Structures are given as C-alpha cells and as structure tokens.
Amino acid sequence: MTIRANLLDTIGNTPLIRLNRLSDETGCEILGKAEFMNPGQSVKDRAALFIIKDAMARGTLKPGGTVVEGTAGNTGIGLALVGNALGLRTVIVIPDTQSQEKKDMLRLAGAELVEVPAVPYSNPNNYVKVSGRLAEKLATTEPNGAVWANQFDNVANRQAHIETTGPEIWEQTGGRIDGFVAAVGTGGTLAGVGIALKKHNPSIKIALADPHGAALYSYYTSGELKAEGSSITEGIGQGRITENLVGAPIDLAYRIDDAEAVKIVFDLLEHEGLCLGGSSGINVAGAVRLARELGRGSTIATVLCDYGTRYQSKLFEPSFLREKGLPVPEWLEQPARIRA
Ligand code: PMP
C-alpha cells in the first residue's frame, strides 16, 4: 500500500467483483465494477475529476473558482468533494424528486444546493438548463469566475471512462471479456467503456440496459427516441442523444423492469453483501440478459454504480416499495426478534 497524495488519487482503480450466484446460475462470469468504492461512493467521481481537470487545464476554471452543475446528485457529490480538495466552490442544481440522502450529502460537503421542480428537458426550467444559465450568470458575478460542468454534453466525462474505467476492466479480466453492459444517465460510462474495450477487441459486445421512462432502448432498436412508463431508479434514464453518446458503439439493448432490478439489488445485498442503488440493479439485470445471449462460458462486466444507503428512504423503505407495487424483502419487515 502506498500513500495517496490527496483525494483525487483515490478515485478509480476499483475492484471487479464476481457476482457469484448469478455467475453460477448462468454458467458465465458476471463481474461488477465496484464504483461505490470511490470516495464519493459512486461512478460519477471519475467524471467529476476529469471535468474539473479539463476545465483547469483549459484555464477556464481557476483556484477559488466555482463549478456549477445540474445533477441527479452523484456528479454533484463528486464535484463537491474534488472541488473541496482543489479549493473550488460548487453550486448544484438538483431536481426535487431526488433522494433526501443525496441532498443531505451535497449539503454536508459544502455544496450550495438549488432545488428545482422536476420537469422534462424540453422545458426551459429543466435542472440542466437552469444550471447552464446560472453558470453564465455566476461567471460574471463570482470574484474567481464560474464554469458549467455540463456533464451530459461535455465529453471530458466519457474521456474518464476511455482513459480509466475501460482500461481497468480490460486489465482486470486479462482481456478475457465478451461483453459490457450499462444503463445511461449521461452516457459517459457506456460510451467511454465501450470505446475503450472495442479498441482492444472490436468483437466485445456493448449493450445498453434501459429503465422504463427512458427513450434509448427504442432508439437503439428502432431508430426512434420514444419513452414510455417510469422508473424509481435515479441517475439514469435518458431521453436524447447526448454528446457523450454520439458515436457510442452499442450493439444490443435491453429494457429492464423496476421489479427485476429491485429484486437483484435485494438478492445482491442478502447473498453477496453488496449494498447498491437501483441503477446497479438495472445494470446487473442487463448483464444477466447479455450472459444468456452470449451463452455459457462468456464473461460479462457491468458497473455497480453507487452505494445503497443513498436510497435508504426509498429503495429500502417498505412503505415506498409497497406504494410502487414492488416486492419488499423479508428482512426489512421483520420486527425486532432479539432483546437484550
Ligand atoms: N447510476 C447512477 C446512480 C448515477 O448517478 C449515474 C449518473 N447520473 C449513472 C448510473 C449513469 O452514469 P453515466 O452518467 O455515466 O451514464
């Protein structure tokens, strides 16, 4: 073990974990990249670091400057922590539908939080658009300037995965990998890892796992951006082709139900000790589909995006699950059995 120079050097190089039950069941190797082990407990620390480093290298972001972003939470947490380590301020615009735990974490990290109603991207008051306008304003009023991180269309985001996540997966599997699957928020992870893996071996299959309410499954299967339904998952579910998705080498697409994803999240916690958020359930469900498609003996990697405690009040709350018509794991309902 070596001493890391600072927090930035603790981002990435996460373990790749064999998901034992699902691997045994499918006769494949199903591997999860443990992104919840990043310091901000999500895959988005990588994008936050690359976006900030890129803006500093360009000279648009200076010490004491402000980073503004619209985010479902995880990117904001990454930006706030990396920002603190580099002497930057962060202003985060977040839709009010996101979990309380993520908002609390942002506040405790010192980010200034601007909560806005959740409205579609086509609405000028959508959180992404509000954050862009706010960045423009703060660029002129803040003493050390401000930049917009713009994770959806800033390709420094997917560059993080081209340069780090993808090569790590290639090295960790010794190049013995047949497929990679992930859901899309910005598309940085799927496009970046896809590009990196295809560079090593173009026959590796890259697959999208899309929740309901997103338009990409329909886009990659029929060419039409069309969304139906909704999902309790957070941080994923895209309705347009972001700059990060442009040219993404996507071979296959699956649409995953919340019920399937949630069951996987609970099984991984109960049987493997992995405490994960809902998007990881969508990803692992996608990995199982891809494993079945590629056949026994294949090796599939996916991303375990963030830590489950971030969703304690929703995904792990029986009343919330019941309200959504989702299964409640037995252990969450059990009354206290043992008394001192
Ligand atoms: N899962 C969670 C929990 C996230 O916050 C995000 C990012 N918004 C993703 C998955 C998707 O990652 P990406 O933005 O790289 O597509």
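User: What should I know before I start?
Analyst: The model is predicted: local features need pLDDT of at least 70, side-chain atom pairs count only at pLDDT 80 or more, and totals for chains, interfaces and linings use all residues. Residues are numbered from 1 along each chain as its sequence is written.

User: And the H and E labels?
Analyst: Helices (H or I, at least four residues) and strands (E, at least two) are DSSP runs, numbered from the N terminus.

User: Ok, sheets. What is the strand order in the open sheet of 6 strands?
Analyst: The order is E1-E2-E10-E7-E8-E9, with mixed pairing. Two strands pair if DSSP finds at least two bridges between them.

User: Which strands stand at the edges?
Analyst: Strand E1 (16-18) and strand E9 (252-256). Each has a single partner strand, so one side of each has no neighbour in the sheet.

User: How are E7 and E10 joined, parallel or antiparallel?
Analyst: Parallel, by 2 bridges between strand E7 (residues 179-182) and strand E10 (residues 299-304). Gly179 is opposite Ile300 in E10.

User: What about E7 and E8, parallel or antiparallel?
Analyst: They also pair in the parallel sense, over 4 bridges. There, Ala182 stands opposite Leu208 in E8.

User: How many residues of E8 are buried?
Analyst: In strand E8 (residues 205-211), 7 of its 7 residues are buried. Buried means 20 or more other C-beta atoms within 10 Å of the residue's own; 12 or fewer is exposed, and in between is partly exposed, with C-beta atoms placed from the backbone.

User: Which residues of E8 point which way?
Analyst: Lys205, Ala207, Ala209 and Pro211 point one way, while Ile206, Leu208 and Asp210 point the other way. In a regular strand the side chains alternate between the two faces of the sheet.

User: How many bridges join E4 to E5?
Analyst: There are 5 bridges between strand E4 (residues 89-95) and E5, which run parallel. Val91 has Glu112 in E5 as its bridge partner.

User: Switching to the inside. Which residues touch the most other members of the largest nonpolar core?
Analyst: Ile30, Phe180, Ala209 and Ile300, out of 60 residues in that core. Helix H10 (residues 278-294) gives the most to this core, with 7 residues. A nonpolar core is a set of buried Ala, Val, Leu, Ile, Met, Phe, Trp, Tyr and Cys residues joined through C-beta atoms within 7 Å.

User: What is in the second core?
Analyst: It is separate and has 33 residues, including Ile11, Phe50, Ile52 and Ile92.

User: Back to Phe180. What is it in contact with?
Analyst: Leaving aside neighbours within four places in sequence, its contacts include Ile169, Val193, Leu197 and Ala301. Contact means C-beta atoms, placed from the backbone, within 7 Å.

User: Tell me about H6. Where is its kink?
Analyst: The kink is centred on Ile162 and is about 35 degrees. The bend at a residue is the angle between axes fitted to the seven residues ending there and the seven starting there.

User: Why call H6 largely enclosed?
Analyst: Because 13 of the 17 residues of H6 are buried.

User: Which residue follows H6?
Analyst: Gly174 follows H6, with a positive phi near 60 degrees.

User: And Thr164, buried or exposed?
Analyst: Thr164 is in helix H6. It counts as buried, because it has 20 C-beta neighbours inside 10 Å. Outside the four places in sequence on either side, Thr164 is in contact with Gly12 and Arg46.

User: Last one. Where does Gln41 lie?
Analyst: Gln41 is in the loop between strand E2 (29-34) and helix H2 (44-58). Its phi is positive, about 65 degrees, although Gln41 is not a glycine. Gln41 is buried, with 22 other C-beta atoms within 10 Å.

Terms used
Contact = placed C-beta atoms within 7 Å.
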